[in-house]
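Please look over the sequence and the model below before reading on. The report that follows takes up a few parts of the fold in turn.

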Amino acid sequence: MPLICHRLCATLLALGLAVPAMAQSRTLIVMDGSGSMWGQIDGRPKLEIAREVVADVLADMPADRVLGLMAYGHRERGNCADIELMVAPEAGSATAILDAVQTMRFQGKTPLTEAVRQAAEALRSTEEPATVVLVTDGIETCEADPCALAAELEQSGVDFTAHVIGFGLTRDEAEEVACIADNTGGRYIEASDAGGLAGALEQAVSGAELPAPEPLPEPEPDAPARHFPGDVWMPGFAIATTGQSFGPDLPEPAAFDFPADGTAEACRAICEADGACGSWRFEPVGSFFVEHARCFAFRPGTEFRPDVYPVADGFVSGMKPGVPGLTSPFVGIGANVTARLTPTGPVLPGEPFTVLWAGPAGADDWVGIVPEGQEDTSGDLSYFYVAETIEPGDRPEGAGSMTAPDAPGRYVLRYVLGRSADRRVIFSMPLEVGSDAGVPVQIPVRISPPSGYENDPVSWSAVPLTPLASAPEAVAMPEAFSGAWETALYPGRWQVEGLAAGGMYFAAEIEVTADGARTFEIPVGFEQAGMGEDAPPAEPVPLPGATPYKDAATGLSFNLPDGWQAEEALFAETAAGARARFPGVTLTGPDDRMLVLNPLQWLVQNGPCEESALGPLCVFGGTDAVTDGAMAVILPSLSMARAPSFGGVAFRPAGDDPISTLVPGWSPE
């Protein structure tokens, strides 16, 4: 890291931005200590980058520079009042600030508005110029308005300037916090990596004149839509194409003639007989004012909106097994389906609150509040449509906000299956308005590796898969230790991962409930039969129509078929920085065909997988002669050119031996 600062300082000098001695100006660094700082940039936790950059920047500060440190979210999870002035502004405080940053735990929420307010108060004691440097990797999560606060402080007359360093923020996130700088005469500075953070912090803390602000980052592309399988026979459904497609560019079904009095069974038979057909739709005589029956066939990869009609109307659709395409999960008319609702409270009269939901996730489904005893599916006092709040991932769940009724009392919170042909309440629960009953409590849990690994030191992390307003972005114990990890988690689903000192990787999803299991044994992850120490070390033998491929960074090697390309190979890492045993890589072939080695998440409908010596190799979309041929070339050639790291130091002995790993505490001799 010192090299980063040396290069940075040389650049600043060349630009005329040398660090001036400005003892009369006082600066307070406000550091983000929230749980999201466990997120990674270029394979490293952001908190680790921040600590090292602060150390380098402070090393070059003049001794008479008046600096202080305030932190938020670093002591308690879910506490918006967790704000601490760790080092009061004074000259010669660099060492104290560095020591304080090293003790931060990074686990709470992001009350950045109140932190900036308290920072301004801490600097208000004199009439000297005051500067706040806010370093954040997220937006306000404690229901406050940072823009309004900044305008209020600027109008108060105090000589106060706030610079905001956005560490890895998206464009939308940057726009939400940049107003703090804009309203106080400061600058918003984007930092997307270690070098960017070092440059931004050096410029803001030193008092040097800041360069013109760079444009905010471009909006991120929309996340790809999720697609769900249907059923082979769906009465009442008329699947309608959205105009979108996904997956490989497959051929269209063959043209066919359909009799004017044809039946749904005949339409299904046409699709079943055509290997290029993935789904079909039958429209009966008289539908849409057409006086003859109609049949439509669609190739796999077509995206559908599931329009639902009364079964008596005669519409029927079908999808072949394993073919996804619906934009919401399939629920048959009259099917026994359930949902789950969890208010996160407190639920106070006239105040907004959040509800976690899991259910069918239909386009017209909603969650609402009604007076106790109301059975009609209309007349909700407050509601939200679940489709507008669904979370990314393969599960139909999310979190929505609604406003509690003004009058305290007992109400009903319910999930309504909203489609007109089958509208009904599928889940309801009493809701007390005017109490703290909705506030969840943390539940003590015990996390342990499977039998045989009890004595292996393991570093653990848990990332919430169900959103909760009061939950941290991640809980982690990065220090490796033997035995069980005892911690406390909020109710909901969590992704738990661990990495043993010997390189073994553990992973599982767990469900934490008030009346459920409290002890969880996490199995081996990315570990299948034939993997492990017996993985073949030899490099692939060249084959006709393929080229040997080796990734120097991970040691992964295999035969790459002609016409295919390999993206950068990476080791998956937990929120605590623990790394998977084997790397993953995405391969793209002709006509957008795709293979993925060791995907992080994979749905059955995404495509089939085959086991290899280094983990599953999966086909996105349907298989054909081209993908089958590529699999046949790649699978047997997968190998690791070096052993996975287990915490030691890599070195190359004399001669042509492959890279080895030096055990901590041992020497090459």
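Is Cys 179 buried or exposed? In this predicted model, Cys 179 has a relative accessible area of 11% and is therefore buried, since buried means under 20%.

**Disulfides**

Cys 179 forms a disulfide with Cys 147, and the count of disulfides comes to four. Cys 147 lies in helix H5 (residues 146–155) and Cys 179 in helix H6, so this pair ties together parts that are 32 residues apart in sequence. Cys 147, with a relative accessible area of 25%, is partly exposed. The table gives details for disulfides including this one.

| Disulfide | S to S distance | Torsion about the S-S bond | Handedness |
|---|---|---|---|
| Cys 147 and Cys 179 | 1.9 Å | -85° | left-handed |
| Cys 271 and Cys 277 | 2.0 Å | -100° | left-handed |
| Cys 609 and Cys 618 | 2.0 Å | about 105° | right-handed |

Cys 271 is buried, with a relative accessible area of 1%, and Cys 277 counts as buried at 2%.

**An open sheet and its helices**

Helix H6 (residues 171–182), which holds Cys 179, lies across strand E6 (130–136), strand E7 (160–167) and strand E8, and it runs at about 160° to E7. These strands belong to an open sheet of six strands, which has the order E5-E4-E1-E6-E7-E8 and mixed pairing. Strand E5 (83–91) and strand E8 (188–191) are the edge strands, each of them pairing on one side only, and neighbouring strands of the sheet are turned by 15° against each other on average, with direction ignored. In general, strands of a sheet pair through backbone hydrogen bonds, either parallel or antiparallel. Strand E4 (residues 66–72) pairs with E5 in the antiparallel sense over six bridges, and in E5 the bridge partner of Leu 69 is Val 87.

Helix H3 (residues 94–103) has Ile 97, Ala 100 and Val 101 buried. Seen down the axis of H3, its buried residues fall within an arc of 100°, so they line one face of the helix. What covers these buried residues includes helix H2 (46–59), E4 and E5, while Thr 95 and Thr 103 are exposed on the other side of H3.

**A buried loop residue**

Phe 582 has its place in the loop between strand E33 (565–566) and strand E34 (585–588), and at 3% relative accessibility Phe 582 counts as buried. Phe 582 and Ser 639 are 57 residues apart along the chain, and their C-alpha atoms are separated by 9.9 Å.

Note on methods
Residues numbered from 1 in each chain as written. Predicted model: local features only at pLDDT ≥ 70, side-chain atom pairs only at ≥ 80, totals over all residues. Heavy atoms only, no water. Pairing = 2+ DSSP bridges. Helix = DSSP H or I, 4+ residues; strand = E, 2+ residues; numbered from the N terminus. Axes fitted to C-alpha atoms, helices over the stretch in contact; angles between N-to-C directions. Contact = heavy atoms within 4.5 Å. Buried < 20%, exposed > 50% of the residue type's maximum accessible area, 1.4 Å probe, protein only. Arc of directions from axis to C-beta. Disulfide = S-S within 2.5 Å.
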